[in-house]
Amino acid sequence: MTVEPTIAASTRDNTGSRGSRLLGAATIVGLGVLGVLAFVLTDADVRIHPTTGEEFGQFDAVRLLYVHVPLAVMTYVAFGLCAVASLGVLIRRTPWWDVTAHAAAEVGTVFCGLVLVTGSIWGRPVWNTWWEWGDVRLMTTLVLFLMFAGYLALRRTTGDPRSVSRRAAVVALVAVLDIPLVNRSVEWWENRTLHQQSTLNDLKIEDLTLFTLMLGFLMMGMVLAWLLLHRFRVGWLERAALDHAVAAAIAERRAETPDAEVRRSVGETEDRS
Amino acid sequence: MTHVGYLIAGWGITLGTLGIYAFRLVRRGRNLSARVPDAHRRWLEDQGPNGA
Amino acid sequence: MSALRVVLRDIRLVAARDLRIEARARVVVDQVLPFAVLVLVLFGFALDADHRTLRTFAPGLFWVAVLLSALLAVQRSATLDAADGTGDALRMSGLPPVARYLGRAAAVLVQLLVLEAVLVGGLVVLYGVSVEDWLLLGVAGLVAGVAVAAAGTLYGALALGLGARDTLLPVLVLPVLAPVLIGATRAFDDALGSAAVDGWAWTGLLAIAALVLTVVGASAHGALVED
């Protein structure tokens, strides 16, 4: 690596690019469309009881599912990407895999937290409780969140970056492998799940509801992509900033000493003139 | 509309959190971009899993 | 075939060494065991409970006490080689990483089993528990112990050498052990007669968890130690 005595200043001042700005704009527009569909054009979930004639169902709480379910799916996508990237860290050991793993884990954890929060908010009017121990999906998502919160904590520790990235990769892979165990044990534990009582199959999934849900998936996917892109770039720049700081420090140190003296001190025999 | 409070809370927290996170990412990106000269910003050239 | 015997011998070597250190230093016996009993006592105070309530919750309280104590035992095990360059000496000794991992985990397992035995005594004395199925209790305790030792040894090695090691270990290892906590508690529910569940089925699940964690631990340990 050539070390210049003075480092040129940066000419780019952000992590955006034409592609990411286009994606961002499209996402915002799309979220607006999703909102209109979710709140105005679709109906609430109202069903008539066959014998008593009473109205029952989720009523307007169903509109929360248009964000909750897509967020959940994208969480799995993000953590799945993290697992694949973690494999890449252990096998290929290039910085690209490492930055991707970290970015996917961070964005995934944000999404996972939102899944828990939106789920809890949805659950209050529909299941009449903020939280339900023994619901399989809820418990699994909670443990998943805790595991990746641990991953992020590990990432923040100081130490040899290569070593930290390898340990983090192990943590991510063990987390992903542990999830089926968590799922199975909770399923056996209570042998029931509130989630089952009101799955997507129960809802009147007519055309517009289904379309809105699909649009929700698309929108959350775009949000995920945009966030991943920027988080990746930030991660990459953090690495570059570290390298740059080291290079600048070396250059500064070398600039303090005249060349001849440096050469002499490393044993290059020269005319003692 | 029923359950309005829950709807506002749910959608609000979701969009708010994502928005704040996005905003902080962009700001972090701006700060880092100012510190790192072009010579070190190699992601545009070294894109891909096999890049150095 | 003799290669396997060599590996087994190596495992025994590492385990014996760790246990011999413990026999001399007596950290687990002097510090971790009392802590475990203390946790049981604290639960007694906090729950302000009668014997019937404590008997109902005994399995859960038992395994929470075991997990918390296991954290201490694992931290102790992971730091055995932190000083005096013994870590480097072990790496250069030619012992394969798998043997080092399994040996270390085996030593932790032995300590955990002693811990569990003492705590069962604590349950009987302090909580008025009576054991209905000693075989189930023993097997479930053993299998769950393997799972905890395997995960603990892996994460102990993982957290070792980084800043803030002590506080990071619980955050990393406890969520992973959630299925073990659930399974072991249910198995003990059956063994202690406090709930009508199929303890042996749960022990089967624990065995799968133990196997997965041991295999993963042995594979990953090599990647971690080659720094």
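In this predicted model, chain A has a mean pLDDT of 84, and 88% of its residues reach 70 or more. Where pLDDT is low, the predicted coordinates should not be read in detail.

Chain A contains 8 helices and 2 strands. Read from the N terminus, its elements follow the order α-β-β-α-α-α-α-α-α-α. Of the 273 residues in chain A, 39% are buried. Among the contacts in this chain that join residues at least 6 apart in sequence, 78% link residues at least 24 apart.

Strand β1 (residues 45-48) and strand β2 (residues 55-59) of chain A pair in the antiparallel sense, over 3 bridges. One residue of the pairing is A:I48, whose bridge partner in β2(A) is A:E55. Together β1(A) and β2(A) form a hairpin with 6 residues between them, and A:G53 in the turn has a positive phi of about 75°.

Further along chain A, the loop between α2 (65-91) and α3 holds A:R93. This residue is not a glycine, yet its phi is positive, at about 60°. A:R93 counts as partly exposed because 13 C-beta neighbours lie inside 10 Å, whereas a buried residue needs 20 or more. At 1.5 Å a residue, its 33 residues should span 48 Å, and the end C-alpha atoms of α3(A) are 46 Å apart, which agrees. Of these 33 residues, 27 are buried, so α3(A) is largely enclosed by the rest of the structure. A:N128 follows the helix, with a positive phi near 65°.

On the chain C side, C:A151 touches C:V173, C:V176, C:L177, C:L213 and C:G217, leaving aside residues up to four places away in sequence.

Chains A and C also meet directly, in a contact that takes 27 residues from chain A and 23 residues from chain C. On the chain C side, the elements giving two or more residues are α7 (165-176), α8 (178-191) and α9 (199-225). The largest share of that side, 7 residues, comes from α9(C). The residues of chain C that touch chain A divide into 18 nonpolar, 3 polar and 2 charged.

Two loop residues of chain C complete the picture. C:R26 lies in the loop between α1 (2-25) and α2 of chain C, and has a positive phi of about 60° although it is not a glycine. With 11 C-beta neighbours inside 10 Å, C:R26 counts as exposed. C:D50 sits in the loop between α2 (27-47) and α3 (51-78) of chain C. This residue is exposed as well, with 9 other C-beta atoms within 10 Å. C:D50 and C:Y127 are 77 residues apart in sequence, while their C-alpha atoms are 8.5 Å apart in space.

Methods:
Residues are numbered from 1 along each chain as its sequence is written. Chains are lettered from A and ligands numbered from 1 in the order in which they are written. This is a predicted model: local features need pLDDT of at least 70, side-chain atom pairs count only at pLDDT 80 or more; totals for chains, interfaces and linings use all residues. Two residues are in contact if their C-beta atoms, placed from the backbone, lie within 7 Å. Helices (H or I, at least four residues) and strands (E, at least two) are DSSP runs, numbered from the N terminus. Ala, Val, Leu, Ile, Met, Phe, Trp, Tyr, Cys and Pro count as nonpolar, Asp, Glu, Lys and Arg as charged, and the others, Gly among them, as polar. A residue is buried if 20 or more other C-beta atoms lie within 10 Å of its own, exposed if 12 or fewer, and partly exposed in between; C-beta atoms are placed from the backbone. The expected span of a helix is 1.5 Å times one less than its number of residues. pLDDT is the predictor's confidence in each residue, from 0 to 100. Two strands pair if DSSP finds at least two bridges between them.
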